[in-house]
Structure formats: structure tokens, C-alpha cells
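Please find below a short note on the structure, arranged as numbered points. Each point may be read alongside the sequence and the model.

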Amino acid sequence: MQQPEDIAARRLGIVIEQYVEARKRRYDYVSTEQAYRAIRQILKPAISDRELDDMVASLAVKNGLAVVFDRQTKVDDAPLGGLGHQRRQ
């Protein structure tokens, strides 16, 4: 019997695959912001936003698509605790 985590990971992989395939038919690039919105609307995966971006980007590149990293990251999600993304007071 498959574990719930395995099923969720497979489901996420399928959704990302479908998204990239749909984009490939009409465009030559994938936007991380658009992918984030579309995928999070369907699923609420238990991975960070950065991991989701990386998964989408990896599959897009394998399919010959350019990747536009245009999603604004949250301070908690940015590498090194958000350095370079500090808020002004």
C-alpha cells in the first residue's frame, strides 16, 4: 500500500507535468508566478514555494522551455533567511 506522502508527491508531479505540457503548446516559456497560482489553486502541496518553483523549472527545461523566475518570494521562503529581501520600515 502506498503512503499518503507518496500519493501526494505523485499527484503533484502529474499536475506540474500537465501544466508544463499545456504551456508548451502555446508558449515557449513558463512563468514561476503563473505556475504557482495555477498549481496552488488545484493542490496545496506540503512543500515550500521555492521547491515548487524548482520542480516546475526543472520539468520546463527538460521540455525545452525557458523559465521566467518572476514570483515574489516571501522573506521566510527566500534563501539565507531572506537577505536582500528586507522590508523597509
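1. A residue is called buried when its relative accessible area is under 20%. The model discussed here is a predicted one. In helix α3, the buried residues are D49, L52, D53, V56, A57, L59 and A60. The elements that cover them include α1, β1 (29–31), α2 and β2 (66–68).

2. Helix α3 itself runs over residues 49–62, which is 14 residues. From first C-alpha to last, α3 reaches 20 Å, close to the 20 Å expected at 1.5 Å a residue. Just after α3, G64 adopts a positive phi of about 80°.

3. How do helices α1 and α2 pack? The axes of α1 (residues 4–26) and α2 (residues 32–42) come within 11 Å and cross at roughly 135°. Helix α1 is therefore oblique to α2. The crossing in which α1 passes α2 is right-handed.

4. On the α1 side of this contact are L12, V15, I16, Y19 and R23, which meet Q34, A35, A38, I39 and I42 of α2. By class, the contact comprises eight nonpolar residues, one polar and one charged.

5. Is R40 buried or exposed? R40, which lies in helix α2, has a relative accessible area of 13% and is therefore buried. Apart from neighbours within four places in sequence, R40 is in contact with P45, I47, S48, D49 and L52. R40 and L12 stand 28 residues apart in sequence, and their C-alpha atoms are 10.0 Å apart in space.

Notes
Residues numbered from 1 in each chain as written. Predicted model: local features only at pLDDT ≥ 70, side-chain atom pairs only at ≥ 80, totals over all residues. Heavy atoms only, no water. Axes fitted to C-alpha atoms, helices over the stretch in contact; angles between N-to-C directions. Helix = DSSP H or I, 4+ residues; strand = E, 2+ residues; numbered from the N terminus. Parallel < 35°, antiparallel > 145°, perpendicular 65-115°, else oblique. Left-handed = near helix turned anticlockwise from the far one by under 90°. Contact = heavy atoms within 4.5 Å. Nonpolar A, V, L, I, M, F, W, Y, C, P; charged D, E, K, R; others polar. Expected span 1.5 Å × (residues − 1). Buried < 20%, exposed > 50% of the residue type's maximum accessible area, 1.4 Å probe, protein only.
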